[in-house]
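Please look through the sequence and the model, then read the points below.

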Amino acid sequence: MRPVAAAAPWAAPLFTVGVTGTNGKTSTTWMIAAALRAAALSTLRISTLGVALDDEAWPRGKKFSDFLGLLERAAARGCRHAVIEATSLALAQGYARTWRFDLGVFTNLSPDHFATHGSWEHYLAAKAQLFMALGPGRTAVLNAADPHALYIDQAIPADVERRWFAAPGRGERLHTADLEAASLEVSVAGTRVQLQPSPAATALGGVLETRMIGEVFAENALAAALAGLAAGLPPDAVARGIAACPVVPGRFEVLAHGDDRATIVIDYAHSPDALAHTCKAARALAGGAGRVIVVFGAGGDATPSKRAPMGAAVGVRADLAIVTSDNPRDEDPAAIAAMVVEGLRGGRASWTVALDRKTAITRAIGEARPGDVVVIAGKGHEQGQVIRGRSLPFSDAEVARRWLAR
């Protein structure tokens with residue numbers, strides 16, 4: 001299936017970075033785009049949160065022809081760099097066999113979207129499409145602490161360069177890393193990553209900083225930094241861009257914080273792995289005195305096997321869990337919640353069920369005391385709730401802000 005030729009003559013000059021994985025795709029995409037912008041390069045960024053050419057938001061479509069239209073329009077404006085969040089569905093549909101990617105980034109893989117792909121093997125195979133299509137001399141940036149990266153490594157052609165990153169929270173390092181976190185400092189202002197000595201770390205000044213909060217964003221910053229270096233960007237531009245990149249809406253987005261109030265956070269976490277990392281970040285902010293309160297649920301018609309593990313991930317890390325409805329789609333919200341609760345049993349957290357999501361959010365904020373951290377997880381930036389085939393207007397952030405403004 002390789003090498004992939006440019007989709008059209010106008011596409012030949014475009015250098016395209018593709019980012020795939022279960023969690024961290026959007027924030028990594030944003031950080032890489034920010035590094036390119038810090039190097040004064042016009043950049044098209046395509047992610048699940050929308051499309052932007054530099055600082056100009058563009059509308060997006062849903063078809064591959066719409067995707068090509070965006071890239072052609074950007075090329076006509078003189079843009080020569082694109083960073084694209086590559087979902088497993090798009091890759092399974094053959095995007096990487098039709099559009100030439102020059103650099104691929106793999107964040108991680110955990111149980112999600114299995115219902116769409118049929119099995120985790122097919123899910124992983126869809127992700128691998130991005131890397132199998134890379135041309136000779138191109139680069140794959142891989143997570144040295146994720147075992148699935150080793151499978152992807154085996155599928156990548158031998159003439160593609162590998163660069164590896166690692167953060168301690170992912171687990172044991174399974175491959176020598178080119179860029180690795182030695183220690184982290186997490187605060188409400190962001191995350192500071194002290195780097196293990198290496199040529200890449202020296203080039204970056206030994207430290208990476210991001211406004212995003214939590215170890216998972218440190219991991220994403222490492223991936224983005226390696227991608228930026230592999231793309232030939234000046235190391236100082238890479239570090240400056242990542243440090244300046246704004247918090248992605250709905251990704252551990254702090255709505256309220258202060259000495260006299262609880263910290264209120266909106267987060268998109270909707271898998272066991274993501275919830276574990278989100279709870280860990282919340283615990284770091286809460287310190288020894290504060291409690292971690294988590295509002296969450298699980299989506300309907302998608303990977304029932306992850307529901308109990310989601311409950312377990314919260315149950316062993318939070319102090320109070322409020323199980324609610326996410327996007328139940330065509331399933332019974334109470335039945336979904338019961339599966340999540342099974343994972344909570346035996347954990348440290350006390351728990352309750354409030355199927356009405358607004359009630360769950362307001363109950364959590366009303367329960368919180370100064371020093372506590374409330375995480376409203378699962379929907380992040382989403383502006384609707386899918387119930388019985390209808391998308392009803394709903395925003396976690398709006399509900400929380402209205403309660404806080406009372």
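Angles under 35 degrees count as roughly parallel, over 145 as roughly antiparallel, 65 to 115 as roughly perpendicular, and the rest as oblique. The model is predicted, so local features need pLDDT of at least 70 and side-chain atom pairs count only at pLDDT 80 or more, while totals for chains, interfaces and linings use all residues. Residues are numbered from 1 along each chain as its sequence is written, and side-chain values use heavy atoms, with hydrogens and water left out.

**The sheet of 11 strands**

- Helices (H or I, at least four residues) and strands (E, at least two) are DSSP runs, numbered from the N terminus.
- An open sheet is formed by 11 strands with mixed pairing, in the order S4-S3-S2-S5-S1-S6-S7-S8-S9-S10-S11; two strands pair if DSSP finds at least two bridges between them.
- At the edges are strand S4 (56-58) and strand S11 (207-210), each of which pairs on one side only.
- On average, neighbouring strands of this sheet are turned by 20° against each other, direction ignored; axes are lines fitted to C-alpha atoms, for helices over the stretch in contact, and angles run from 0 to 180 degrees between N-to-C directions.
- Strand S2 (residues 43-47) pairs with strand S3 (residues 50-53) in the antiparallel sense over 4 bridges, and isoleucine 46 has valine 51 in S3 as its bridge partner.
- Helix H1 (residues 25-38) packs on the sheet and touches strand S1 (15-20), S2, strand S5 (81-85), S6 and S11; contact means heavy atoms within 4.5 Å.
- The direction of H1 makes about 175° with that of S2.
- Helix H9 (residues 215-230) lies across S6, S7, S8, strand S9 (179-187), strand S10 (190-195) and S11, and runs at about 155° to S8.

- In strand S7 (residues 139-143), 5 of 5 residues are buried, where buried means under 20% relative accessible area, exposed over 50%, and partly exposed in between (1.4 Å probe, protein chains only).
- The buried residues lie on both faces of S7, with Thr139, Val141 and Asn143 on one side and Ala140 and Leu142 on the other.
- Strand S6 (residues 103-106) runs parallel to S7 and is joined to it by 3 bridges; leucine 103 has threonine 139 as its bridge partner in S7.
- Strand S8 (residues 161-166) also pairs with S7 in the parallel sense, over 5 bridges, and valine 141 stands opposite arginine 163 in S8.
- From S7 the chain crosses through helix H7 (residues 147-155) to S8 in a right-handed β-α-β crossover; right-handed means that, with the strands pointing away from the viewer, the path from the first strand over the helix to the second runs clockwise.
- Tyrosine 151 has its place in helix H7 and is partly exposed, with a relative accessible area of 46%.

**The sheet of 6 strands**

- Another open sheet has 6 strands in the order S12-S13-S17-S14-S15-S16, with mixed pairing.
- Its edge strands are strand S12 (253-258) and strand S16 (350-353), each pairing on one side only.
- Neighbouring strands of this sheet are turned by 15° against each other on average, direction ignored.
- Strand S15 (residues 320-323) runs parallel to S16 and is joined to it by 4 bridges; the bridge partner of isoleucine 322 in S16 is threonine 352.
- Helix H11 lies across strand S13 (261-267), strand S14 (292-296) and strand S17 (373-377), running at about 160° to S17.

**Helix packing**

- Helix H11 (residues 272-286) and helix H12 (residues 307-315) pack at an angle of about 10°, with their axes 8 Å apart.
- H11 and H12 are therefore roughly parallel to each other.
- Pro272, Leu275, Ala276 and Cys279 of H11 make the contact with Pro309, Met310, Ala313 and Val314 of H12.
- In helix H10 (residues 235-244), the buried residues are Ala237, Val238, Ala239, Gly241 and Ile242; H1, S11 and H9 are among what covers them.

**Cysteines**

- A search of the whole structure finds 0 disulfides, a disulfide being a pair of cysteine sulfur atoms within 2.5 Å.
- The sulfur of cysteine 245 has its closest cysteine sulfur in cysteine 79, 17 Å away, which is too far for a bond.
- Cysteine 245 counts as buried because its relative accessibility is 1%.
- Cysteine 279 is also buried, with a relative accessible area of 2%.
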